[in-house]
Amino acid sequence: MTDTLTPSTPPSTAPSVTQERRIVTAIPGPRSVELQQRRLATVSGGVGSALPVYIVKAHGAIVVDVDGNQFIDLGAGIGVTTIGHTEASVVAAAVGQAEDFIHTLFTVTPYEEYVRVCELLAEHTPGDFAKKSVLINSGAEAVENGVKIARKFTGRRAVAVLDHAYHGRTVLTMAMNYKAMPYATGYGPLASDVYHVPSSYPYHDGLSGADAAARTIAYLDKVIGASDLACLVVEPIQGEGGFMVAAEGYFTALQDWCTANGVVMIADEIQSGMARTGAYYASEHFGWVPDLVLTAKGIAGGFPLAAVTGRAEIMDASQTGGLGGTFGGNPVSCAAAIAVFEAIETNNLLAEGQRIEKTLRAGLGKLQDKYDIIGDIRGRGAMIAIELVQPGTGATTKVANAAAVSSIAAYAAQHGVLLLTAGTYGNVLRFLPSLAVTDALLLDALSVIDDAIAAL
């Protein structure tokens, strides 16, 4: 019989994970290599992993693999463990709820935890108007429901998304992504009535927010037509696309156009929401109040939960029974989400996001002064990225340098730092640490990145 991993000690009694980087074996280590061989025999090859090290424990900003290596986690499960791995109040809330009941299905017999999460979403999403929510399981499901709700409300068919967008891996959302590979290649036919429109990408297009918005609106008007457009779905800070931050005034100009033309404007805050950027939602940085807001990833501290929240009249357009799902708003996930909202307030985590941005920008700025392959530093809060270009091209043609990104990420992994890559052209390193990460860990990670660039 194949041996299995020994279950870890329950979080309430587990010894704390020291908040330090420590490498004690080759990466991956022998136990991870063994597990990788088991994986190859039974896990679909369509499921990838950035680094084949197998994790047995995590706390704060550190993950520990089966071989005892400790990594500084600058990815947080792609923005999920925003308040830190195994945060005590979240663990306690989930355990307590699991002891009471794990599932009834809200659409059969409801429970308070679902209602409380919707109250918190109404309080913390942008806008002071009446709001309602539906809870579902994942980010892609939130996008699907947001589009469905917008179509129902408007009676229109078309969906517009921005260039460089990423919205998920379902049949609809893979049609909404900018990149075909690996998300849509070979999986067609794709969903119809999805249109890609020009975005604001200041580092490359040099346009003001007003000019970039005028370009986008011209496309919406001429290629789609406002009378057929149900919604415009926008990431305030694009995630997989490379953390693009639009020029000032871009989103508010688009919202004004959408409002004037009866189009629902949806903020995909799946990666950028829940205190990650130093505000509850990244939309706030731009003075933008969307019609609908999509939340997932960081909302429940690692438990699966997502939401569509928005203007009550839009959310109420659906007929009874038209929204929901078997596991949507699971009570354990909802209990965890309530604890996350409370932790953000109790621990002043918005300020922690601002601290992390200050530390990262200062450290990355020093590296940019030292290495001309760092063309751009952008983002907000604990959502910062650097775009790498070919040497000598940063101020002119800005030629993508994907090879450097791959090399740096690989070097960092070997030295105990987990980095995520991104960008339409694969030339962006994104930093998505938890809000529990210390300045000491960030500076340590930056020193590894410095060594990685020097070694190119």
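View 1. A salt bridge here is a side-chain nitrogen of Lys or Arg within 4 Å of a carboxyl oxygen of Asp or Glu; Lys and Arg count as positive and Asp and Glu as negative, while His and the chain ends are not counted. This is a predicted model, in which local features need pLDDT of at least 70 and side-chain atom pairs count only at pLDDT 80 or more, whereas totals for chains, interfaces and linings use all residues. Residues are numbered from 1 along each chain as its sequence is written, and side-chain values use heavy atoms, with hydrogens and water left out. Look around Asp 268 and you will find contacts (heavy atoms within 4.5 Å) with residues including Val 143, Tyr 166, His 167 and Leu 294, leaving aside neighbours within four places in sequence. A polar atom of the Asp 268 side chain also sits 3.1 Å from the backbone nitrogen of Ile 270.

**View 2. Strand E8 and its enclosed setting.** Asp 268 belongs to strand E8, residues 264-268; helices (H or I, at least four residues) and strands (E, at least two) are DSSP runs, numbered from the N terminus. Five of the five residues of E8 are buried, so the strand is largely enclosed by the rest of the structure. Val 264, Ile 266 and Asp 268 are buried on one side, and Met 265 and Ala 267 on the other.

**View 3. The partners of E8.** Strands pair if DSSP finds at least two bridges between them. E7 (residues 229-234) runs parallel to E8 and is joined to E8 by four bridges, with Val 234 opposite Ala 267. Between E7 and E8 the chain passes through helix H9 (residues 250-260) in a right-handed β-α-β crossover; right-handed means that, with the strands pointing away from the viewer, the path from the first strand over the helix to the second runs clockwise. E9 (residues 292-295) also pairs with E8 in the parallel sense, over three bridges, and there Val 293 is the bridge partner of Ala 267.

**View 4. Trp 257 in helix H9.** Trp 257 is buried, at 10% relative accessible area. Not counting residues up to four places away in sequence, Trp 257 touches Ile 217, Leu 220, Asp 221, Ala 226, Leu 229 and Val 263.

**View 5. Glu 240 with Lys 179 and Arg 430.** Side chains of opposite charge can pair when their charged atoms come close. Lys 179 and Glu 240 form a salt bridge, their closest N and O atoms being 3.4 Å apart. Glu 240 also meets Arg 430 in a salt bridge, at 3.0 Å from N to O. Glu 240 lies in the loop between E7 and H9 and Arg 430 in strand E15 (residues 428-431), so this pair ties together parts that are 190 residues apart in sequence. Glu 240 counts as buried at 15% relative accessibility, as does Arg 430 at 4%, whereas Lys 179 is partly exposed at 22%.

**View 6. Asp 291 and Arg 311.** This salt bridge has its closest N and O atoms 3.0 Å apart. Asp 291 is buried at 8% relative accessible area, while Arg 311 is partly exposed at 23%.

Definitions and conventions:
Polar contact = N/O pair within 3.5 Å; in protein donor to acceptor, adjacent residues only side chain to side chain. Buried < 20%, exposed > 50% of the residue type's maximum accessible area, 1.4 Å probe, protein only.
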